[in-house]
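These are comments for a colleague going through the model.

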Amino acid sequence: MCLVNVLGGTIASVLPLDPKHSEDARAKLRTDCILRFPVTGSCSFFAAQSPCYSLCWWLQLRENHEANLALFSEVIFCCAAVMDTDEECSIVLELSETDPFFDKKKKLLQSKGFSPKERIYLRSSSKPGWMSATVEVLLQIARIIQLNELELYFAEDDVSVELYSPRNELEALNSIVLLTDISLSSCTHLQTNILLGLRQTILDLISNFGDKYSVKGVVEKNHRCDQEERLIEWGESNGVMTQLKIAYIEEAGRGAIARKDLKVGDIALEIPVSIIISEELVHETDMYDVLKEMDGMSSETILLLWSMKEKYNFDSKFKIYFDTLPEKFNTGLSFSIEAITMLDGTLVLEEIMQARQHLHAQYDELFPVLCNNFPDIFPPELYTWEKFLWACELWYSNSMKIMYSDGKLRTCLIPIAGFLNHSLCPHIMHYGKVDPATNSLKFCLSRSCRSGEECCLSYGNFSSSHLITFYGFLPQGDNPYDVIPLDIDGSDVDSTEDMPVSNWTTHMIRGTWFSKNHSTFSYGLPSPLLDHLRRSRSPLLQTKTFLQGNLENELEVLENLKYIFDDMMDNMDEIDHDNSWDEKLAMDFKYLQRRIAYSVSTSCHTGMDKLKNELCKCMAEDVEG
Ligand SMILES: C[S@@+](CC[C@H](N)C(=O)[O-])C[C@H]1O[C@@H](n2cnc3c(N)ncnc32)[C@H](O)[C@@H]1O
């Protein structure tokens, strides 16, 4: 018997995923990330489901803007342009054996006719279309190599995929640009022409991709940004170099606008380490002397407490920065009871409730003890619950994790960079590592940005539930990370040699509109989930055949799934008051979750109809036979 529970629902029906698995996986991913893997979001699938609370309590509630290290550190897949003859060269794309998902990616590559190490020849040919055909092959391989765990879960092996996610597409395209740049440094004249041609083709693809998939922020022209301009002037007098100016963007507060056309590889913003707010700053304060003696006090907590006081320090070096911060952050953490009540039946309800409870517990642990014992250092009027919540929201929504030249990851506030908004199709993807040569943080473009266009970052591969809770917004466009995790009982499914079970230990579902394959046995649903459900119902059946027993099994799988998602929709009653910012966000999220559940239910329904037809044909053949 296989039980499926949707994580979410009402609070009472929530079953947590196995926390051990999540933690192990997170730890593994983190290690990989720091050493050689792009951090963006690989962890967020787990983070969104299983917040863990420990020393670094407030930070771990949210994987804050992660260090985006990939293109700055080791190239994550072996790739080399090998020069063959004057007129011909080849590029080798190799999936690294140390990739945490090596086996799964290898299988996917093989299903598309590629091996983990492929040499692609670039021939300057008179045949029309040779370049686009070559680029398509390079891209197919690069996309698979660049998949993160969640994208891999939803990857389909029996269709030609044009897009796994905007993140994946931009990573794949940029990895080929990087590869051609490496090759261009050592090649002959003729090879240079071929490689430059390839490079330009990829740059054009990046530009077209941005035009097609990005949702452009609309600048509100009648809003002044005097304070923000003062901050930029202050930054520039302290060594900041920027190609961006600040403006108000509809529904997103302030944002950064390109002052001129910016190309892939251009540095949009460069911030010297000297104006980054990190733990070193606090070391110089008397507050640090008190806090460092306390057990379990993390540097993030110390920074948070420091920022509560520094905001009111007229002599602060960062006064101009603090003056530009909003008085209210409007994240899920400050949702009203009315808005929270409206979230009943949704995934975000649990996330917000857990986070709030946790923050309250942490506040109670620190206060009023600190104020009573050290009133000069912790004046009670600055350490109220409201001010504490403000600081938590500041650090959740504005901090970034940065790797310094000493190899240490630090959680930082970065003046000016804090104006960059998030996009599902970002211009800047890698910004997390201090350049030791300049001792500065560089925000380089992974896709071009036209003069006057808003320039956006990726905060990480977060679900909308996570973005609402910790950032207070729902991104525009289809978010591929909006998954509904499923807690499936019955994971000990036996495998036989010819029918191996896919070794995914957690399962999930997302809007079936993301899928290209709605045929029988696929239905737009993730194959690891379907395989698991099939095997747990009937381990010995030869699946994906049109035999009666198998079709009946298949039908039951879809019936069960449909039942769960119909139930989810029934539990999300439609309430219609969207007066305040939080009630509007709650309604928008509810609509999103309903849309996902509806798409799953509809796909199941369509699949069931197809299966019933097949069953009828099967039975008719039996009768005739
Ligand atoms: C790092 S700040 C970016 C600057 C911010 N807009 C401001 O005015 O200070 C992060 C906050 O910006 C807003 N934000 C970022 N990306 C957004 C987006 N795509 N849509 C709407 N709001 C966004 C959210 O309020 C989020 O908490």
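At what angle do the axes of helix H19 (residues 527-537) and helix H20 (residues 548-571) cross? The numbered points begin with that pair.

1. The model is predicted. The axes of H19 and H20 come within 10 Å, and the crossing angle is roughly 120 degrees. The hand of the H19 and H20 crossing is right-handed.

2. On the H19 side the contact uses Leu530, Leu533, Arg534 and Arg537, and these meet Asn553, Glu556 and Val557 in H20. Sorted by class, the contact of H19 with H20 holds three nonpolar residues, one polar and three charged.

3. H7 contributes Pro166, Glu169, Leu170, Leu173, Ile176, Val177, Thr180, Ser183 and Leu184 to the contact, while H8 contributes residues including Thr192, Leu195, Leu198, Arg199, Ile202 and Leu203. Also on the H8 side are Leu205, Ile206, Phe209 and Tyr213. By class, the contact of H7 with H8 divides into 14 nonpolar, three polar and two charged residues.

4. Helix H7 (residues 166-184) has 19 residues and reaches 27 Å from its first C-alpha to its last, close to the expected 27 Å. Helix H8 (residues 189-213), with 25 residues, reaches 36 Å between its end C-alpha atoms, close to the 36 Å expected.

5. H7 is mostly covered, with 15 of its 19 residues buried. In H8 the buried residues are Gln191, Ile194, Leu195, Leu198, Ile202, Leu203, Ile206 and Gly210. Among them, Leu195, Leu198, Ile202, Leu203 and Ile206 are also listed in the contact with H7.

6. Which residues does Cys449 touch, leaving aside those up to four places away in sequence? They are Ala258, Leu262, His427 and Cys455. Cys449 sits in the loop between strand S13 (440-444) and strand S14 (454-455). Cys449 is buried because 26 other C-beta atoms lie within 10 Å, against a threshold of 20 or more. Cys449 and Gly217 are 232 residues apart in sequence, yet their C-alpha atoms are 12 Å apart in space.

7. Phe101 belongs to the loop between strand S3 (88-94) and helix H4 (102-111). Phe101 counts as buried, since it has 21 C-beta neighbours inside 10 Å. Beyond residues up to four places away in sequence, Phe101 touches Glu149 and Leu152.

8. Some backbone geometry deserves a check by eye. The peptide bond joining Phe367 and Pro368 is cis, with omega about 10 degrees. Pro368 is in the loop between helix H15 (347-366) and helix H16 (369-373).

9. Ile416 is not a glycine, but its phi is positive, at about 75 degrees. Ile416 is located in the loop between strand S11 (409-413) and strand S12 (434-435). Is Ile416 buried or exposed? Ile416 counts as buried, because 24 C-beta neighbours lie inside 10 Å.

10. Tyr523 likewise has a positive phi, about 60 degrees, although it is not a glycine. Tyr523 is found in the loop between strand S16 (507-510) and H19, the helix that meets H20 through the residues in point 2. Tyr523 is buried, with 27 other C-beta atoms within 10 Å.

11. Lastly, the protein overall. Its secondary structure comes to 21 helices and 16 strands. Of the 625 residues in the protein, 45% are buried. Among contacts with a separation of 6 or more, 74% are between residues 24 or more positions apart.

Methods:
Residues numbered from 1 in each chain as written. Predicted model: local features only at pLDDT ≥ 70, side-chain atom pairs only at ≥ 80, totals over all residues. Axes fitted to C-alpha atoms, helices over the stretch in contact; angles between N-to-C directions. Helix = DSSP H or I, 4+ residues; strand = E, 2+ residues; numbered from the N terminus. Left-handed = near helix turned anticlockwise from the far one by under 90°. Contact = placed C-beta atoms within 7 Å. Nonpolar A, V, L, I, M, F, W, Y, C, P; charged D, E, K, R; others polar. Expected span 1.5 Å × (residues − 1). Buried ≥ 20, exposed ≤ 12 C-beta atoms within 10 Å, placed from the backbone.
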